[in-house]
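Subject: Model handover and findings

Hello,

Here is the model for you to look over. My notes follow directly below it.

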Amino acid sequence: MGQTVYGNTRGLKKVDLDSLQSIYDMVIDKDQVISPEIARTMAVISSGSQRELAVFIDRQGRVVSVGVGDAATVQLKAQSKRRSAYRLSGLRCIHTHPAGGGQLSAVDYAALYDMRLDAMVALGVLDGKIKEARLACLEPRDGQLTQNFRDFGPLSPEQLTGFPLTELIKSIEDNIIPPASITTTADRQAEKAILVTIDGADSLDELALLAETAGAVPVARVSQRRQRPDAAFFIGRGKVEELALHRQRLGADLVIFDDELNPTQTRNLENSIGCRVVDRTSLILDIFARRARTKEGQLQVELAQLQYLLPRLTGLGTVLSRLGGGIGTRGPGETKLETDRRHIRRRIEELTGAIEQVRRHRRRQRQGRRKAAAPVVALVGYTNAGKSTLLNTLTRAKVYTANQLFATLDPTTRRLVLPGNREVLLTDTVGFIRKLPHHLVKAFHATLEEVVEADLLLHVADASHPELLAQITAVEGVLKELGARDKNTILVLNKIDQPVNHKLVEQVKLSYRGQVAEVSSRDGTGLDRLKDLIIQNALGLRRRVKGWLPYDRTDLLALLHRHGEVYSEQYTPRGIRVEAAVDENHWAAVAPHIQQNDFEPPV
Ligand SMILES: Nc1nc2c(ncn2[C@@H]2O[C@H](COP(=O)(O)OP(=O)(O)OP(=O)(O)O)[C@@H](O)[C@H]2O)c(=O)[nH]1
Ligand SMILES: [Mg+2]
């Protein structure tokens, strides 16, 4: 298993794709960085197709991943590996530069650091041959892995194959000093995180959940009330010093901020605190990247990540040129950075194109559904409010639900049969959250179009949550951003089987501009009333007609044509066999004259 070739393989020749796949089966000697056979295969396909290729190899010499795309793309695929300041991942990345140069780019260095790779190797290929190779690895500083790099090369293909990587890795690991406080293996798996906010301590509950969802363990919370963030450090300088001490004492691996930081702030903070600093946006992007299961979801997340990364490349460049000077090699310089930006922009364009295709496909699907005469009802709401559970209970579907943030990323649609054989299509989709990164909302537009074009929205909220009001407001903010604020909406207060704050719920019911239903998706309370509300509110709700019309009532057939949709009509000895759907009023006129209407009139 695991034989997939990752990345954008569209347009690759079948024979090239097969060769790439065969790399998984190639053997690398323990003391080789890469086998000559793999290097040759990569060089030929990369220069033939003008695409970057990347191969990840573990310390046993097994190929664990083969991908098409630049280091940034590949990085996104391998992201599920957790990172630590005290451990290398045990993987090396060998990738090609089809334009010939072997010089590592800022994106390559960033990937090397982000994934804590054993080594990053770039193969400059030209005319199907390797021109030169360069290798970089991390160099620990003060016993920790930081963005400090060591470069080797240019190397000939022979020099690369025989490069003493094993010894190099050993010397790197010997220079890493794990903090004494880390003792158990469980501790070692998860990163310890300190959470920081300037919005008041309450907002940290949610950040803690996000951090846990991303696989970190929150070990401390720091809040500082500020009107405006500090330009250089986001929080006050004194607070930064306090944080640095805190981090040392707790042996934390990273600090997570509840807001988006700019590149300068991130760099300043990392330098002063001495560990990785992550903001809410990249945390959410990370979770989305790990959760996306469908092609569409993955494309959208990658797009959002690159858009987040692009303006941050400048910051990286500064670090790298400073570092380049230190080692006595050329820094990447502005030209190189420009190339990387171009790469990313090109990929962004590619992704945008691919997503546009998905969007067109979905639009066609939706038009198909319109023909099926079923209005679309979309579930929206805060993450973890119970949207998927409601869908499951109403339609007996089996969508994944969990007490986690962002359990659902990809939309699911199920048929919901309402009293009187009326039908709607119920669509479940990604949940919203406070401070949802703008890029994500934009990137997920293809998915969220379901919401924008739905006939009715069910805004599901967790009535038992202390932040009920704030969550409703946050969802309405995103709906507004999507242009769906004025859609016909029913507010569904879910989880009423749990203890709720009645005053708060009453306040919400009084102030909400639309209709409100109180339900429990878990035990089914309130669902009959909710169904009635859906019937009242789903515009264009139509009913089905299926049976025989007598030949002397062709006027009714004409009526069906005029006011509804006729799927089929056949002239049979028994009468005119029709299948159609019309609105409620016309249905009432036609239904009594239909023989054997499978969709019985109401009793
Ligand atoms: N007590 C109770 N728990 C519920 C109810 N509805 C959902 N839950 C729980 O709430 C958690 C989240 O439910 P989901 O259906 O996954 O929530 P969601 O809105 O789809 O969340 P995302 O997909 O993450 O946006 C799960 O643990 C559910 O079992 C309810 O009516 N009562
Ligand atoms: Mg869900």
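The aromatic pairs come to six. Rings of Phe, Tyr and Trp (its six-membered ring) were paired if their centres lie within 6.5 Å, with planes under 30 degrees apart counted as stacked, over 60 as edge-to-face and the rest as tilted. Take F288 and F444: the ring centres are 5.4 Å apart and the planes stand at 90°, so this pair is edge-to-face. It joins distant parts of the chain, 156 residues apart. F288 sits in helix 11 (residues 280-291), and F444 in the loop between helix 16 (438-443) and helix 17 (445-452). Helices (H or I, at least four residues) and strands (E, at least two) are DSSP runs, numbered from the N terminus. Both rings belong to a cluster, in which ring pairs link F288, F406 and F444.

F288 is buried, at 3% relative accessibility. F444 is buried too, at 2%. Buried stands for under 20% relative accessible area, exposed for over 50%, and partly exposed for anything in between (1.4 Å probe, protein chains only).

A word on provenance. This is a predicted model, in which local features need pLDDT of at least 70, side-chain atom pairs count only at pLDDT 80 or more, and totals for chains, interfaces and linings use all residues. Residues are numbered from 1 along each chain as its sequence is written, chains are lettered from A and ligands numbered from 1 in the order in which they are written, and side-chain values use heavy atoms, with hydrogens and water left out.

Now the overall numbers. The protein has 603 residues, and 55% of them count as buried. Its secondary structure comes to 22 helices and 20 strands. Among contacts with a separation of 6 or more, 69% are between residues 24 or more positions apart. A contact here means heavy atoms within 4.5 Å.

S388 lies in helix 15 (residues 387-395) and T408 in the loop between helix 15 and strand 13 (412-418), so the pair ties together parts 20 residues apart in sequence. S388 is buried, with a relative accessible area of 7%. T408 is buried at 11%.

Which ring has arginines over its face? That is W548. R574 lies over it at 3.9 Å from the ring centre. R577 also lies over the face of W548, at 4.9 Å from the ring centre. The rule asks for NZ of Lys or CZ of Arg within 6 Å of the ring centre and within 35 degrees of the ring normal.

Helix 12 (residues 295-309) is worth a look. It has 15 residues and reaches 21 Å from its first C-alpha to its last, close to the 21 Å expected at 1.5 Å a residue. The expected span is 1.5 Å times one less than the number of residues. Helix 12 is mostly covered, with eleven of its 15 residues buried. Among them are L299, V301, L303 and L306, and also E296 and E302.

The peptide bond from G153 to P154 is cis, with omega near 5°. P154 belongs to strand 7 (residues 149-155). R116 has phi near 50°, positive in a residue other than glycine. R116 is in the loop between helix 4 (106-114) and strand 5 (119-126), and is buried at 2% relative accessibility. F234 has phi near 70°, again positive in a non-glycine residue. F234 is in the loop between strand 9 (216-223) and helix 9 (237-250), and is buried at 5%.

A39 is in helix 2 (residues 36-49) and is buried at 7% relative accessibility. Its C-alpha is 9.0 Å from that of K129, 90 residues away along the chain. A39 touches I34 and I130, leaving aside residues up to four places away in sequence.

Last, the cysteines. Disulfides come to zero, where a disulfide is a pair of cysteine sulfur atoms within 2.5 Å. C93 is buried at 2% relative accessibility, and C137 is buried at 1%.

Best wishes
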